[in-house]
Amino acid sequence: MIFVDNGGHIDAHLNLALEEYVLRHKMASDDLLLFYVNSPAIIIGRNQNTVEEIAADVVAARGIRVVRRVSGGGAVYHDLGNLNFSFMTRDVSGRFNRYDKFNGPVVDVLRELGVPAEIGGRNDILADGRKISGNAQFATSDRMFSHGTLLLDSDLDDVTAALRPKPGKIESKGVKSIRSRVANISDFLSAPITVDELRERILERIFGTRDRTRIPTLTLDEADWRAARELLESKYGTWAWNYGQNPACNVQCARRFPGGEIDVRLDIQQGRIAGLRIFGDFMGRADVRELEARLCGLAYERDVVAGALSAVDPTDYFGNVSREDVLNILCP
């Protein structure tokens, strides 16, 4: 494994652009490990409807940035008390949606610090049943990353105020609010540590040393940074990527499954699917836009839609969701 130095940048737009750039263009045969810390930001899952996930007035008043990531899952809050990690690998087979394959060293370090950490839920690290880390994954045909947050000492009041979880998610968690189901790692420590110290402990666990001269390191050059900033300008810094355009719809159906929420918006014109968007915090490997394109233009009839779905594997798009479940949402 090789450590990737992000140069201490704390701009969420740049760090997410850098993460994608490194995955696509800097991967060789070795796995990579990237850490970054962001100034206050909400990071939206790839398939979520941004305006329904954030409290826009709070975000504007507090200067919180909003950035969409390429991985699925739900919205998370980042600030300077939150350490983010990204494990990158070319070994994709059998590893997508297997967070235990990547998070073992992180959990080990937390336990060494006295935190009762365990992998739980779909994609979380928990302590005493409360979420201290949320994780998500993104894959191309031959490489992937598994990235996550570590809430060391984040402003949980900002988390509560800035995010707007949907009622179905709250009900499925059996709790009344975000604030009651998340916790800071610092709540479980006998002595405080910094984000930098937590990062160094994880590096030591993986590489056996904190001596940077002994840790294999990928140092990015100016051409790399220029390419990452170009990706920021063309994608991560744009309104189209971070918010997007919602189509008019006259049919909507949303349901929550073990694999996450699926929220379908259809525009039906003259008996055909004229427009379709699928939102949610599901975690599929394939881009759901491919499925939307496959269905648009079809007659809005259950048998026709079922025929189109028979040619795809819904788990590629939605994780642990059956074909019949998807059909029932599209044609309620």
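These legends go with a set of close-up views of one predicted model.

Before you start, residues are numbered from 1 along each chain as its sequence is written. Local features need pLDDT of at least 70 in this predicted model, side-chain atom pairs count only at pLDDT 80 or more, and totals for chains, interfaces and linings use all residues, while side-chain values use heavy atoms, with hydrogens and water left out.

**View 1. How confident is the predictor in the model?** Each residue gets a pLDDT, the predictor's confidence on a scale from 0 to 100. The mean for this protein is 92, and 95% of its residues reach 70 or more. Residues 169-177 are another story: pLDDT stays under 50 there. The model has 14 contacts (heavy atoms within 4.5 Å) for this stretch beyond four places in sequence.

View 2. On a 1 Å grid over the protein atoms alone, a cavity is a set of points where a 1.4 Å probe fits but cannot get out, and lining residues have an atom within 4 Å of a point. Grid points are joined across faces, edges and corners, and a volume is the space filled by probe spheres set on the points. The structure holds 1 cavity of 30 Å³ or more. Look for Leu16, Glu19, Glu20, Arg69, Val70, Phe145, His147 and Tyr236 around the largest cavity. Helix α1 (12-25) gives the largest share of this lining, 3 residues, and both α1 and β10 (144-151) supply at least two. Helices (H or I, at least four residues) and strands (E, at least two) are DSSP runs, numbered from the N terminus. The lining splits into 4 nonpolar, 1 polar and 3 charged residues. Here Ala, Val, Leu, Ile, Met, Phe, Trp, Tyr, Cys and Pro count as nonpolar, Asp, Glu, Lys and Arg as charged, and the others, Gly among them, as polar.

**View 3. Zoom in on Val70, one of the residues lining that cavity**. Val70 is in the loop between β4 (65-68) and β5 (76-78). Is Val70 buried or exposed? With a relative accessible area of 5%, Val70 is buried (buried means under 20%, exposed over 50%, partly exposed in between, using a 1.4 Å probe and protein chains only). Leaving out residues up to four places away in sequence, Val70 touches Glu20, Arg46, Phe138, Phe145, Lys235, Tyr236 and Trp241. Arg46 is 24 residues away along the chain, yet its C-alpha atom is 5.1 Å from that of Val70.

**View 4. The second largest pocket has about 300 Å³ of space**. A pocket is an open set of points with protein on both sides within 12 Å along at least five of seven lines. Of the 23 lining residues, Arg46, Arg68, Trp241, Asp287 and Arg289 lie nearest its centre. By class, the lining has 8 nonpolar, 6 polar and 9 charged residues.

View 5. A disulfide is a pair of cysteine sulfur atoms within 2.5 Å. For Cys253, the nearest cysteine sulfur is that of Cys331, 10 Å away. Cys253 is buried, at 11% relative accessible area. The closest cysteine sulfur to that of Cys296 is in Cys249, and at 13 Å it's too far for a bond. Cys296 is partly exposed, at 33%.
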